[in-house]
Amino acid sequence: MKTIYLIVKYFTVVGTFLQAFFEHFTCRFYEVLIEDARYLRADELCGHVEHELIRKRSTAFGVSFFPFLFNLIVGLALTSVGAVHVYYLGEFFTSGGVPHFVNFLFLWVGISVLTNLFPQIEDVLQLKDLIYGKGKSNWAVKIFAAPIFGILYAGAYLQACGATLLTSIAFSFALPYILAAILPHLVG
Amino acid sequence: MDDRKEQENGVQPENDGVQPENDGVQSENDSLQSDENGEQTLHDELETLAKVFQEELDRAKAEAKDVAENGVPDPEILIQDLEEIPDDAHTDGVTEEVIPQDELCERCKERQRGTKQHPDSPYCEECDEHLRRYPFEWLHIVLVLLILGFVCYGGYVFSGHTDAFVAAAKADRYARQNLPESALENYLNAENVMQSAGVNGEMVYSRALLTLYRYGYINALDEYAHQIRGWELNLPHFRKVKQALASANAMMATANAASELVLTYETTPAADIPYDEVLAKLEALKTTQIPAEELTEAQSEETTGETTKAATANAQNPMTYDAPMVAFYQYYLALLCEKDMETQIGFLEQIQSAAPERIWLYGAPLGELYAKTKRDIEPLCTRLAEANAQDDTPVLLHAIAKRIEGDYDGAITLCQERIDAQSNMTYELYRQQSLCYLLKGDSAKGYEAANNAYQSTSPSIQLCNTLALAASAAGENEAYDEVKSLLEGSGYTVSKEVTEYRDGARTIESILSEGDYDLT
């Protein structure tokens with residue numbers, strides 16, 4: 001499993017790097033003590049930074065959620081461009097007949113970023129404990145956090161086994177059709 | 001670091017043994033400093049002190065060596081070179097507290113671990129502060145800026161191609177909604193926008209091509225086919241396009257071959273057409289392989305470049321003539337030979353069972369025959385409406401069915417609704433209205449409706465005959481003469497039914513309520 005994880009991580013190196021950077025950035029923002037900030041390690045912390053155990057709920061949420069959000073925005077932007085041009089319009093070649101590498105680059109970078117959205121399992125487990133632990137939160141917080149936590153929790157496990165590569169590829173196929181359903185109404 | 005290494009090697013306790021001697025030297029040094037007898041005295045004293053110190057050191061080293069060789073430890077000895085003693089060690093006679101190894105900061109290994117805020121922290125105050133602000137590497141920042149720049153470039157590219165994407169999306173939506181006219185109009189728009197933006201959107205062209213194929217515009221496929229490279233047709237994402245092109249080419253080759261057999265008899269009286277002979281030739285086509293050159297010719301009439309090569313490659317695969325298309329020509333032959341409706345229905349139902357998706361080919365004539373034979377047209381009309389929501393054929397078939405059932409007012413109302421909605425079949429709806437008015441005995445309105453039909457399109461022979469009949473019924477002789485001359489000018493004559501009506505041999509009811517229920 002670790003091998004698959006690392007293969008996926010290095011195949012999606014741009015997303016791996018960006019996720020670690022955003023995690024680093026968020027940890028600095030929250031002044032979370034970082035013990036190791038090597039982004040591309042050959043272990044399960046590849047694409048993450050090693051930080052102290054977070055004991056504050058809002059910090060734990062922020063450290064899990066904001067790298068996810070940042071990568072999601074970047075990933076959606078790049079995947080939209082790549083998927084629309086490659087899958088939807090079918091611009092495989094430039095007008096000069098040369099393969100349109102830039103479009104494929106957009107797609108690969110976009111997919112790689114979407115593949116690396118989710119936090120480490122340890123972080124979501126800690127978040128789970130801080131939100132859903134006995135007496136840790138009131139019901140409103142638990143309900144409000146449920147959708148986001150559910151996504152982060154499931155995503156962390158999918159990412160840990162490298163399955164997010166498949167989900168992000170599948171999503172990239174669907175994305176142009178989602179945009180095609182929305183954009184004509186917005187543009188007019 | 002070396003201190004720690006020695007401490008780790010168990011030498012640390014010896015430090016305590018040397019400490020008093022060090023203090024003694026310090027006191028002698030103090031007394032020398034207080035002596036003001038001159039520099040020479042001070043120098044001599046210092047020399048003496050150095051000598052004593054060196055002797056002590058040599059002795060300590062010798063004993064340590066001895067201990068190392070004999071294995072007998074002497075905790076009183078400190079083995080330490082002078083150079084190894086830190087400059088700030090034991091100044092002012094103050095002794096620092098020695099930190100146990102397991103209490104040293106994990107990062108610097110020098111200071112006491114734990115901070116005010118986090119006493120359990122494995123880091124000292126300074127390292128804790130540093131790690132909470134773990135610095136970014138400049139290379140990382142540059143890479144992130146590059147990626148963010150790439151995102152901005154992506155946004156710029158996307159915004160430049162938004163119009164093309166939106167046009168294609170609209171076309172696709174219309175195609176999904178079974179609105180082929182709107183879809184094809186938007187595909188054309190998308191093609192223009194993409195060309196102006198320098199985008200070669202092969203997937204858009206492929207979807208446009210498949211939409212054209214789906215609605216039977218097989219002659220127009222080349223418009224988009226030449227945008228796709230020939231070798232790409234062998235790739236999985238163009239598999240449907242390749243199949244559609246091959247099928248369309250087979251249909252066109254079949255139409256060419258069947259036309260040669262059938263269309264020569266279009267103006268021949270029904271009785272003179274060798275029906276059985278032509279029918280047998282058509283039937284034989286179903287099992288005949290299409291000659292490669294004929295297929296290539298059919299495929300590449302308007303094609304250039306690599307698509308032609310692809311078409312030629314397809315042509316090398318043995319293909320038989322398209323059986324449903326042959327069946328359509330058999331139906332047409334039966335129609336020309338005025339065979340009974342059941343025979344005609346038989347051929348059209350062959351197409352329906354062999355290629356139900358080609359409803360554009362058999363739907364309308366089969367529906368009309370069903371209406372004339374008083375079959376249930378509803379299922380077919382439903383399928384026609386599902387296949388093409390912009391086609392008024394189902395309405396027309398309902399109007400015909402109502403007329404044949406004698407519900408003239410219902411048929412007139414139905415037709416009027418679609419005429420008001422500016423249907424693309426207005427002329428035929430007017431014609432059906434005209435027939436209904438004639439059957440109702442309202443010749444004036446019948447003529448008016450026929451004339452409206454005549455004015456709204458380039459008239460067919462059937463429409464000319466309808467106008468001739470209505471004009472005859474309404475006493476509009478000038479209009480009749482005009483239509484008659486138009487037909488004769490085109491090599492046709494007014495139909496037998498009309499002339500018989502004018503001669504008084506037949507009534508409108510006998511023409512429109514019996515036999516074919518319509519004019520030829």
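Let's start in chain A, where helix α7 (residues 164–187) includes A:F171; helices here are DSSP runs of H or I with at least four residues, and strands are E runs of at least two, numbered from the N terminus. A:F171 is partly exposed, at a relative accessible area of 31%. On this scale, buried means under 20%, exposed over 50%, and partly exposed in between (1.4 Å probe, protein chains only).

Together with A:I178, A:I182, A:L186 and A:V187, A:F171 makes a nonpolar surface patch of about 430 Å². Patch residues have over 30% relative accessible area and no salt bridge, with nonpolar side chains joined within 5 Å. A salt bridge puts a side-chain nitrogen of Lys or Arg within 4 Å of a carboxyl oxygen of Asp or Glu.

## How the model was read

This is a predicted model: local features need pLDDT of at least 70, and side-chain atom pairs count only at pLDDT 80 or more, while totals for chains, interfaces and linings use all residues. Residues are numbered from 1 along each chain as written, chains are lettered from A, and side-chain values use heavy atoms, without hydrogens and water.

## A buried aspartate

A:D36 is buried, with a relative accessible area of 11%. Its side chain makes polar contacts (N or O pairs within 3.5 Å, one able to donate a hydrogen and the other to accept it) with the side chains of A:R38 at 2.6 Å and A:R41 at 3.2 Å.

## Chain B

Chain B has 25 helices and 0 strands. Of its 520 residues, 43% are buried.

Note on methods
Patches are made of residues with over 30% relative accessible area and no salt bridge: like charges are joined within 9 Å, nonpolar side chains (Val, Leu, Ile, Met, Phe, Trp, Tyr) within 5 Å. Accessible areas come from the Shrake-Rupley method with a 1.4 Å probe; for residues, only the protein chains shown count as cover.
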